[in-house]
Amino acid sequence: MPTGFARVPSAGRFLIANATIPAALVETEGPLPDAGDGLLRAEIEIDGTTIAAIRAPGGGQNEDLPALDLDDGLAWPGFVDMHTHIDKGHIWPRKPNPDGTFFGALNAVHADREANWSARDVARRMDFSLRCAHAHGTVLLRTHLDSLQPQHKISWPVFAEMRDRWAGRIDLQGVALVPIEVAEDRAYLEEIAALVKAHGGVMGCVTYMHPGIDGLLDAVIAVAEKHGLDLDFHSDESQDPNERSLAHVADAILRNRFEGRIVCGHCCSLTRQPADEANRTIERVAEAGIAIVSLPMCNMYLQDRESGRTPLSRGVTMLHELAAAGVEVAVASDNTRDPFYAYGDLDMLEVFRETVRIGQFDHPFGDWPATVGATPARILGRPDRGVLRAGAPADIVLFRARSWTELLARPQSDRTVLRSGRPIDKTLPDYRELDDIFAGS
């Protein structure tokens, strides 16, 4: 059973000695020695399934405990992936994107959904996706679920079954994904909200500059309030500066005094608007308490794509400016091997590594590691996740890498993933397992 590089003691109580931890991902009562560039030195005491203590190296009275000497290697909490689409995942072999564009992806997914998304098909691909995420170290994952009829009555029960099946390995949250114009049909909007409530999910939609957007947003917010649902929107996923729905969402949240959690994903067109307009929108987003999640790998793949021309823009939102304004920002995987993104493996270290490069999350690294841990955990209402602290589950990802440049230079395929203090089998599922659902495509 491949469990990575670390030889974890078999004892129920042991030390992870000589560890290096990102400061943004640890909470301790006392200070830890500074290792430079947002990193700290520590030892972690594990007691059964729990982190018993985090302290300065050699600072405990349990030197006789068996120890895993990490030799200055990095220790992270389990990852939080707050925006995925595991109902779409892995359909690329039977329905690729014909031209790599956003609209090519929309049309390809629509055709595949209509032809193939039975409960069995969705369940097979969801489970495959979750096995990938689990092997890489993710502990909390939110997925958007295509919820146009009749798919909503297929995918939501499958999601509920998958959430039960994966309990104790990955905590799952689901979001209804429909276009904003669905709110024109109030009866159907109510039906979706009731279904989401019954399955413990989150209300969502795709916002863009549709006629009557303000009234439609008011309707979505009203139904969310009625059912006690949080909101999670796809907003302005384009390079068109005329896409300004994020500002309309912020105004609607403030106008309706919505008190639930609210997330907007993508928000790419913000970078294409005049600076004064973008700054006003950012101020309203902060005032409305909206959290922002960026999906850099998918948006880099789709956006500013024109045959025969090099892309000129990056497809990420204004993460530095949003964070400076006090907005909670996170990054996530988004799509995996489907027409919206042909690649990916639900590995949050890959997401962080690529965001560092694309969005310049470095020099200094500062709090940016929290964008794949503590921050999305808070946004999802799970502050117990995404951080190392005494009393928390011993769900830890260990790396041989000792510094940022070592961590981000390689894929870290030899990482060790601890769940409840024990190393897991990191074997990734073989793509051949899905061959039978692609037969004849």
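Which residue of strand 13 does F233 stand opposite? In this predicted model, F233 faces C264 of strand 13. The legends below describe close-up views of that region and of several others.

View 1. Strand 12 (residues 231-235) and strand 13 (residues 262-266) run parallel and are joined by 5 bridges. In this pair, F233 stands opposite C264.

**View 2. The largest nonpolar core holds 98 residues.** The members that touch the most others are W76, L231, I290, I292 and F352. Helix 5 (residues 213-227) gives the most to this core, with 8 residues. In soluble globular proteins, nonpolar side chains tend to be buried together.

**View 3. The surroundings of F352.** Leaving out residues up to four places away in sequence, F352 touches W76, F361, F365, W368, P369, T371, V372, W404 and L408. Both F352 and W76 are among the residues that touch the most other members of the largest nonpolar core.

**View 4. Helix 3 and what covers its buried residues.** Helix 3 (residues 152-165) has 14 residues. From its first C-alpha to its last, helix 3 reaches 20 Å, close to the 20 Å expected at 1.5 Å a residue. Its buried residues are H152, S155, W156, V158, F159, A160 and M162. The cover over them includes helix 2 (119-136) and helix 4 (186-198), together with strand 9 (138-146) and strand 10 (171-177).

**View 5. Strand 1 and its pairing with strands 4 and 6.** Strand 1 (residues 13-22) is mostly covered, with 8 of its 10 residues buried. Strand 1 and strand 4 (residues 39-47) run antiparallel and are joined by 8 bridges; here F14 has I46 as its bridge partner. Strand 1 and strand 6 (residues 67-69) run parallel, joined by 3 bridges. In that pair, the bridge partner of L15 is A67.

**View 6. A35 in strand 3.** Strand 3 spans residues 34-36. The relative accessibility of A35 is 27%, so A35 counts as partly exposed. Apart from neighbours within four places in sequence, A35 is in contact with T20, L40 and R41. S403 is 368 residues away from A35 along the chain, yet their C-alpha atoms are separated by 9.1 Å.

**View 7. S333 in the loop between strand 15 and helix 10.** Is S333 buried or exposed? S333 is buried because its relative accessible area is 4%, and buried means under 20%. The side chains of S333 and D81 are joined by a polar contact of 2.6 Å. Not counting residues up to four places away in sequence, S333 touches D81, H83, T84, L295, L346, D347, M348 and V351. Helix 10, at one end of the loop, covers residues 348-359.

Conventions. Residues numbered from 1 in each chain as written. Predicted model: local features only at pLDDT ≥ 70, side-chain atom pairs only at ≥ 80, totals over all residues. Heavy atoms only, no water. Helix = DSSP H or I, 4+ residues; strand = E, 2+ residues; numbered from the N terminus. Expected span 1.5 Å × (residues − 1). Buried < 20%, exposed > 50% of the residue type's maximum accessible area, 1.4 Å probe, protein only. Contact = heavy atoms within 4.5 Å. Core = buried A, V, L, I, M, F, W, Y, C linked by side-chain atoms within 4.5 Å. Pairing = 2+ DSSP bridges. Polar contact = N/O pair within 3.5 Å; in protein donor to acceptor, adjacent residues only side chain to side chain.
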